[in-house]
Amino acid sequence: MPSNNLTVTPSPHIKSPLSARKIMYLVILALLPAGAAGIYIFGLCSLKVMLISIISCVISEVIFLKLRNRDPKTILDGSAILTGLLLAYSMPPELPFWIPIVGGVVSIVLGKQIFGGLGHNIFNPALVGRTFLQISWPVYMTTWKNPKWAVDAISSATPLAKEGARSFSYLDLFLGNHGGCIGEVCILALVIGALFLIFTKIISLHIPASFIGTVMVLAWIFGGEGSFNGDFIFHLLAGGLVLGAFFMATDYVTCPLTRKGKIIFGIGCGVLTVLIRLRGSYPEGVSYAILFMNAVVPLIDRYTKTRVYGISKK
Amino acid sequence: MKKLLHELNKGIFIENPTFRLALGLCPTLAVSTSVVNGFGMGIAATFVLLGSNIIVSSMRDLIPKKIRIPCFIVIIATFVTIVELIMKAYFPALSKSLGIFVPLIVVNCIVLGRAEAFASRHGVVKSIFDGLGMGIGFTLALVLISAIREVFGNGTVLGLVIVKSFEPALLFILAPGALLVIGVLIGIVNYMTEK
């Protein structure tokens, strides 16, 4: 139909070659190094967790799409796979097989589909699943496996837990030579993925930079004995900060729209993370911080609305 | 008779206080951790509803409009005190686990809502059926919510273990579980009524 090609539609015209689907697969690609590092560090059990979690997410998405009379082909947009992968990355490597299954179902059904599917969810689905598991089965979710080349086979605390702190060198923390969640331990692999996303312009630096910056500054001020004495490099490298800041807080659906909003969002995440880490009863607060800030995104968006061109302020 | 049955049915299904009116959510969230607690709370609230509806509707012409709310509160508080003392005497364990939420029935918005919206405008017989219906509806909702929370959060029904190897999800016993269960149930009820 040649005449259709000449139809003029009102703006905005989509000029970018990126589609939601392409972005999803590029983010998955960027996450792969961290997964490979997780398998290399903890052994094949982490691959098992990842596969179960992804399969669980995909199956629950297909079932729910059918229930809601939507086209099940929507599954091909890769968002369920990405959710499953992120969920697995925030779980310990050794778990009973049913925990990732429950996590996947909760992530997709309670985290995403109940709100109306991709684009309508208020909270990051993977973090909803992870938080559900963390509260429900705290013992399994905090039993960390040591890297397979570690000398003693007794599972240890993550570096952030009080008793485990300071016994790791920065290099160990950077390369992932310590207990932790599958995808969060190897900072090197995460940074490779994050750089890829930044250079392909899929994520902007606003959220990660303000998030990590706030955590480091606050950890430096309040993290040690007395003030301005904290070990901020430790707070950067330990725990899920890098994974959360680059891959979870930047989720398109659940972060603010404007640049100013993004920076407010990142600072809020950072403040809450440090607050939970230093003063809360959990050793790690990244996931709670991001979920909390997800909840206030509509508010942030409302107060950072950009001025419409040509219209005066009041 | 048909009209009276309608008043009864209204409280249980059409205007279920928890799922349709979303009233009395505070005690619902707090006490629905086990079926025993939920049922006890429901019965206590039903008794208060029934009593306050009867007295309010029979005194509706005597109570001056301007100070009706304090009058209702006094009537409701009387029945709450009766319930509280009976519960303390005969069900001390239940009274302990419900704690502050029994005295708080005084400010339960279902009870006050029915007094204000129904009993002060209708006759005694109608008000009895309205109170019964609302009370049964509230009790059923509480039992349903607390059954779900007890099964998933504690692995038990009425304190009995169902499957030994089942590992309960702590979340359902804690506050977020209550909010989740109520939210999902309200969603299901809305979905079903829309059809």
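Mentor: pLDDT is the predictor's confidence in each residue, on a scale from 0 to 100. This is a predicted model, in which local features need a pLDDT of at least 70, side-chain atom pairs count only at 80 or more, and totals for chains, interfaces and linings use all residues. Residues are numbered from 1 along each chain as its sequence is written, while chains are lettered from A and ligands numbered from 1 in the order in which they are written.

Trainee: Within chain A, where is the confidence lowest and where is it highest?

Mentor: Elements are DSSP runs numbered from the N terminus: helices (H or I, at least four residues) and strands (E, at least two). The lowest confidence in chain A falls in helix α7 (residues 170-175), with a mean of 82, and the highest in helix α4 (residues 98-110), at 94. Over the whole of chain A the average pLDDT is 86, and 91% of the residues score at least 70.

Trainee: Which elements of chain B have the lowest and the highest mean pLDDT?

Mentor: Strand β2 (residues 160-161) of chain B has the lowest mean, 80, and helix α4 (residues 68-90) of chain B the highest, 94. Chain B as a whole has a mean pLDDT of 89, and 100% of its residues reach 70 or more. For the complex, the predictor reports an ipTM of 0.81 and a pTM of 0.86.

Trainee: How many helices and strands does chain A contain?

Mentor: Chain A has 13 helices and zero strands. Its order along the sequence is therefore written α-α-α-α-α-α-α-α-α-α-α-α-α. To judge the overall form, one compares the radius of gyration, taken over C-alpha atoms, with the globule rule, 2.2 Å times the number of residues to the power 0.38. For the 314 residues of chain A the rule gives 20 Å and the model has 20 Å, so chain A is as compact as a globular protein of that length. The C-alpha trace of chain A spans about 70 × 45 × 30 Å along its principal axes.

Trainee: What does the secondary structure of chain B come to?

Mentor: Chain B has eight helices and two strands. From the N terminus on, the elements of chain B run α-α-α-α-α-α-α-β-β-α. The C-alpha atoms of chain B fill a box of roughly 60 × 45 × 30 Å along the principal axes.

Trainee: What percentage of the residues of chain A count as buried?

Mentor: A residue is buried if 20 or more other C-beta atoms, placed from the backbone, lie within 10 Å of its own; it is exposed at 12 or fewer, and partly exposed in between. Of the 314 residues of chain A, 47% are buried; of the 195 residues of chain B, 38% are. Helix α11 (residues 241-248) of chain A is mostly covered, with eight of its eight residues buried. Among them are A:L241, A:G244, A:F247 and A:M248.

Trainee: Is A:N69 buried or exposed?

Mentor: A:N69 is exposed, because 6 other C-beta atoms lie within 10 Å. A:N69 lies in the loop between α2 (44-67) and α3 (79-89) of chain A, and its phi is near 60°, a positive value in a residue other than glycine. A:K201 also has a phi near 60° and is placed in the loop between α8 (187-199) and α9 (206-222) of chain A. A:K201 is exposed, with 9 other C-beta atoms within 10 Å.

Trainee: What percentage of the contacts in chain A between residues at least 6 apart in sequence join residues at least 24 apart?

Mentor: Two residues are in contact if their C-beta atoms, placed from the backbone, lie within 7 Å. The figure for chain A is 70%; the corresponding figure for chain B is 76%.

Trainee: At roughly what angle do the axes of helices α12 and α13 of chain A cross?

Mentor: Axes are lines fitted to C-alpha atoms, for helices over the stretch in contact, and angles run from 0 to 180 degrees between N-to-C directions. The axes of α12 (residues 259-279) and α13 (residues 286-303) of chain A cross at roughly 145° and come within 9 Å. Residues making this contact include A:I264, A:F265 and A:L272 of α12(A), and A:F292, A:M293 and A:D301 of α13(A). Residue classes are nonpolar (Ala, Val, Leu, Ile, Met, Phe, Trp, Tyr, Cys and Pro), charged (Asp, Glu, Lys and Arg) and polar (the others, Gly among them). The contact of α12(A) with α13(A) divides into 13 nonpolar, three polar and one charged.

Trainee: How many residues does the contact take from chain A and from chain B?

Mentor: Five residues come from chain A and seven from chain B. On the side of chain A that touches chain B, helix α5 (residues 125-136) of chain A gives the largest share, three residues. That side of chain A comprises four nonpolar residues, one polar and no charged.
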